[in-house]
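Visitor: I would like to learn how to read a structure like this one, feature by feature. Could you take me through it slowly?

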Number of protein chains: 2
Amino acid sequence: MTKLLDTMEQPGDLKKLSFNELENLANEVRELLIHTVAKTGGHLAPNLGVVELTIAIHRVFDSPRDKIVWDVGHQAYVHKLLTGRRARFETLRQLGGLSGFPKRSESEHDVFGTGHSSTSISAALGMALARDLLGKKYHVVAVIGDGSLTGGQAYEALNHAGHMGSNLTVILNDNEMSIAKNVGAMSQYLARMRTAPTYSRVKHDIEYLLRRIPAIGDSVAKTAERVKDSLKYLLVPGVIFEELGFTYIGPIDGHNIASLVDVLQKSQNVRGPVLIHVLTQKGKGYRPAECNADKFHGVGPFCVETGEIIKNGANPTYTAVFGDALVELAEKDDRIIAITAAMPEGTGLKKFAARFPTRFFDVGIAEQHAVTLAAGMATQGLRPVVAIYSTFLQRAYDQIVHDVCLQNLPVVFALDRAGIVGEDGPTHHGAFDLSFLRHIPNMVIMAPKDENELRHMLYTAHELNCPVAIRYPRGSGTGVTLDKAFSRLEVGKAEIIRQGGRLAFLALGAMVGPCLEAAAILEKHGIKASVINARFAKPFDAALIRALARDTGMLVTVEDNVLAGGFGSAVLEYINSQNLQWVKLLRLGLPDAFVEHGTRQELLARHGLDGAGIAAAVQDFIHKYGVR
Amino acid sequence: MTKLLDTMEQPGDLKKLSFNELENLANEVRELLIHTVAKTGGHLAPNLGVVELTIAIHRVFDSPRDKIVWDVGHQAYVHKLLTGRRARFETLRQLGGLSGFPKRSESEHDVFGTGHSSTSISAALGMALARDLLGKKYHVVAVIGDGSLTGGQAYEALNHAGHMGSNLTVILNDNEMSIAKNVGAMSQYLARMRTAPTYSRVKHDIEYLLRRIPAIGDSVAKTAERVKDSLKYLLVPGVIFEELGFTYIGPIDGHNIASLVDVLQKSQNVRGPVLIHVLTQKGKGYRPAECNADKFHGVGPFCVETGEIIKNGANPTYTAVFGDALVELAEKDDRIIAITAAMPEGTGLKKFAARFPTRFFDVGIAEQHAVTLAAGMATQGLRPVVAIYSTFLQRAYDQIVHDVCLQNLPVVFALDRAGIVGEDGPTHHGAFDLSFLRHIPNMVIMAPKDENELRHMLYTAHELNCPVAIRYPRGSGTGVTLDKAFSRLEVGKAEIIRQGGRLAFLALGAMVGPCLEAAAILEKHGIKASVINARFAKPFDAALIRALARDTGMLVTVEDNVLAGGFGSAVLEYINSQNLQWVKLLRLGLPDAFVEHGTRQELLARHGLDGAGIAAAVQDFIHKYGVR
Ligand SMILES: [Mg+2]
Ligand SMILES: [Mg+2]
């Protein structure tokens, strides 16, 4: 089925194939992508869109001598297949298997690891400048989507690259959408270029027009006026890029290997930075993905024939519960605004967008702007809710400090995908949010034990008049019944779920479940334990900690966040500041290392954060140190 | 001397003045700015540049009904003078006095606090969208410099604003420089607009040209070709902004109040977002500042007559010692690269830039790009040193995590202005860096006790093959003799400076001096104390902490960083993880609150981080809890 592909050991092998064979290779790659991702899950539509482009790149450039940087990187599957990783492709995104993103430790062809958006031009420019300084000769290519171009860092890099003038190829993979329908003036600008006649055609027209201008005063002037008006949008496609110092080439059909190869070859002779505008179709070649590229952007296992997603877990996701709850709250309070950074589906805001289109803002992949925009709105009496994955909110850390918390503005941050996200791996785990948010003054941080509590936390956050972050995990909830009415939680008050024994778990958010399991396991071994649902990481329940320190011999904090500076650290700081150190404190969480990819359950188990692992850690601790 | 100004209670009072009187007012404002900043220090040149612009804005708009957002905000002194703060102006930047930046709590005219760059359009757009949703009618104005336009967030906001189409006025205050000479293709683009004939003039020329075209084939075509080439840069000034959905107006003389007022009034009738391109001269009206705007950007007290800075402290600054040391190292290793984000002077890189112009990169106010650029360079074998103030590095947190540390690349971060910076206040203190860097895997963090140790730390960082951050304070060093030779410090090893007693200070960086003072004070009260120079916040000296825990009764960590998640927290986590909690640990540092402005010494004292404060805290602790 993949006869040609199986003979491709190194990208150089592509040079032996005819264009006809390259077309066949593209078909084989597509088949393999569809059938593999149907089993493993993954980013199908983006990869189907770049099959021909990737083949053309590796046909023309000479990786790893030439450096190819894939922005975001979820579209690098084809690149992996063509760079010696065909045999391991079935292990994609699985524990110990191939990463779903470029990864330097995986292959010399992955020259720069990506995962977050809009970094590729910066990294590629760094390589190009290094090449020039070291007196080497090779090409550097950044492949960036139109969506990633909405991220400010991409503009910072374009601006610098245009200024430097080093040789650098930026391939703009324009599929008229990022993950969701694209937004922003830049995207409208690109759309105009897609529909505008090509440069050479316009040039021809204008020459023709000028030749026919009658040599009489007023009429000439009027014609010039008309020409001038049309010139602005027609004469120089890519004028923005040209103005920024790039040579613009395009737009090019991104599914025609011969013309891609031709343009890429010619671009190698251009001096200075080049931007090649390539038009591709997301999901190309697989009908269900062509029709619904959004659904097949990042997808779980599905049926190849029907395109139907194979459901796992009947419980509603945290994401969906959040989305529904926000719509409910927004029905009653029209100050509520929802803001997403290009993730209306992923963050559960689609319903909100449909119900309140004027109160919904998708700002593109622009987390920094999203946060300061929300701060601006909050100054005028609105109540913005900014829904961004934990890992992507890292990009707005400064804006959270400087624009929201310093001014103590009522902005609610909904951090989906907090903790271990699973198969997307180290670039996507929400492993740091408790640590990077907790030390910011004025910030309130909550984490729900289940999807029902998420509803009450969202309501509570909305009732407060200060910055609030709610972090919750990826995937299905616990299946608990959802309360109809919202209730306001007392800020900084924990919930005692299970009481008894000389040992108490302080579990944060998604760790409540595993702690209950651990308590059950320990009980079988004769160790009775309380389980506290901490609810608040900041301010936490100081009174309860004092009481527990008095009444029990041992506290165990459990969090799916790095231990350094996290929730356990907060409890520890309190115990220290109150001189309560007679109570033993065991802190469980993620290590001081980047966590690899695998299923969420596998990774939690590997890091001792499932019920068995938590119970074992406690037994080990008691064995070593005893408990009062 | 400020007769007119003294009558200005509210900005509305400006409407009563004739243009002639407004010119006189401008002169009064300038005089007052020069004489006040000569005493208080502050951002003189930026404010001298916007005197007429600020008068025109407040003449046309109706603050606080209309919302005026000042990007960066160091140019808001004139705004403060015209909005009821004339009488308090002498208290500028002093403890308890007026802030050097817009501050919501200070005045209803300060609608959005700023300090960091490139946030104004986001905030202003948030206000404009809020206005539209709430059915209100007012104008929203963002005033942003050409330098701030190099920050990616400004582009994210322009892109979104152009897409939304809400009424919004962006005033581009173009003085051909940010803090230093401007960089980037965008700045070259603006320069072309400055020198290009104005729109109407070009339009006239082209009409004239077309009228005279002889109606013969080839020649016409050639002419069209020529026209086309020139059109690209001449025909549509502001085409980038126009393409992004803004109506571009300009360039306008920013020192002509009448024409500014005229343009601002007209702009109120434009539908959708408007960008007004205003040309100003930094330092305008004060010869020393006109000649050296860089020196007078942010300046200490100076002599009005001569423009000479009044020196305080003969010791070389940490900044200067860093800059010299980097040049020395770079002489021996040509892999060393220096990167700054628009702060070549402030970060001490001017000498490096002069000595190694091809190895020096000023990327504009683009911290995110700076960090990923360095990561890209590091993959190719270079050794980039990224010099950014602690507070501004907050903006690159995600890039540090995702691009540098995840890939464990050898990038050195030189964090100047760590800890309390003083008069610039809460937006500028480097109060969080230990907390936001310490939890990132693979990161090594150092802090020197003096400027000589900074040299060795820079050398050590360069010798390591991983991400390293060195944090050091603003201002003069201790005046210690500088070693000629560099020596490599052992990673994770502290230095015992003073030994003895049952109490040990673990002091980080700039806190070593105050701890020595505290130890001397305590000795007078019969309490002997060791003083340890921690040197490394990560990895810290675990062996020494074990030994101290064994041999002493009490450890005192001292850091000029928030306590949450900081250095003391790291020591505490270790003590906890090793079950050493019999040793008493007192953690001293900054509170969970934003620290105001004042002199560095005043603020350290206020927060108990001078020698007396530290000694008092220790005595208090011993009094309460005793020591073993
Ligand atoms: Mg796209
Ligand atoms: Mg400027």
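This is a predicted model: local features need pLDDT of at least 70, side-chain atom pairs count only at pLDDT 80 or more; totals for chains, interfaces and linings use all residues.

Visitor: Is A:Asp146 buried or exposed?

Guide: Buried means under 20% relative accessible area, exposed over 50%, and partly exposed in between, with a 1.4 Å probe and protein chains only. A:Asp146 counts as buried because its relative accessibility is 3%.

Visitor: Which residues does the UniProt annotation "binding site" cover?

Guide: In the unreviewed UniProt entry, that annotation covers A:Asp146 and A:Asn175; positions are given in the numbering used here, feature names are shortened, and annotations may be inferred rather than shown by experiment. They span 30 residues in sequence, yet no two of their C-alpha atoms are more than 6.9 Å apart, so they gather at one spot. A:Asn175 lies in the loop between β3 (168-174) and α8 (185-195) of chain A, and with a relative accessible area of 13% A:Asn175 is buried.

Visitor: How should I read the side chains of a strand?

Guide: In a regular strand the side chains alternate between the two faces of the sheet. In strand β1 (residues 67-70) of chain B, B:Lys67 and B:Val69 point one way and B:Ile68 and B:Trp70 the other way, and all are buried. This strand pairs with β2 (residues 140-145) of chain B in the parallel sense over 4 bridges, pairing being called if DSSP finds at least two bridges between two strands. The bridge partner of B:Ile68 in β2(B) is B:Val141.

Visitor: What backbone geometry deserves a second look?

Guide: Most residues other than glycine have a negative phi, and most peptide bonds are trans. Here the peptide bond from A:Ser63 to A:Pro64 is cis, with omega near 5°, and A:Pro64 is in the loop between α4 (51-60) and β1 (67-70) of chain A. Another cis peptide bond joins B:Gly250 and B:Pro251, with omega about -10°, and B:Pro251 is in strand β4 (residues 247-253) of chain B. As for phi, A:Val72 has a positive value near 65°; A:Val72 sits in the loop between β1 and α5 (77-82) of chain A.

Visitor: How are two copies of a chain compared?

Guide: Two copies of a chain are related by a rotation about an axis and a shift along it. Chain A can be laid on chain B with an RMSD of 0.0 Å by a turn of 180° and a shift of 0.0 Å along the axis, the copies being superposed by least squares on the C-alpha atoms of residues with pLDDT of at least 70 in both. The two copies are therefore related as by a two-fold rotation axis. The same surface serves both copies, since 100% of the contact residues of chain A recur in chain B, contact meaning heavy atoms within 4.5 Å.

Technical notes:
Residues are numbered from 1 along each chain as its sequence is written. Chains are lettered from A and ligands numbered from 1 in the order in which they are written. Side-chain values use heavy atoms; hydrogens and water are left out. Helices (H or I, at least four residues) and strands (E, at least two) are DSSP runs, numbered from the N terminus.
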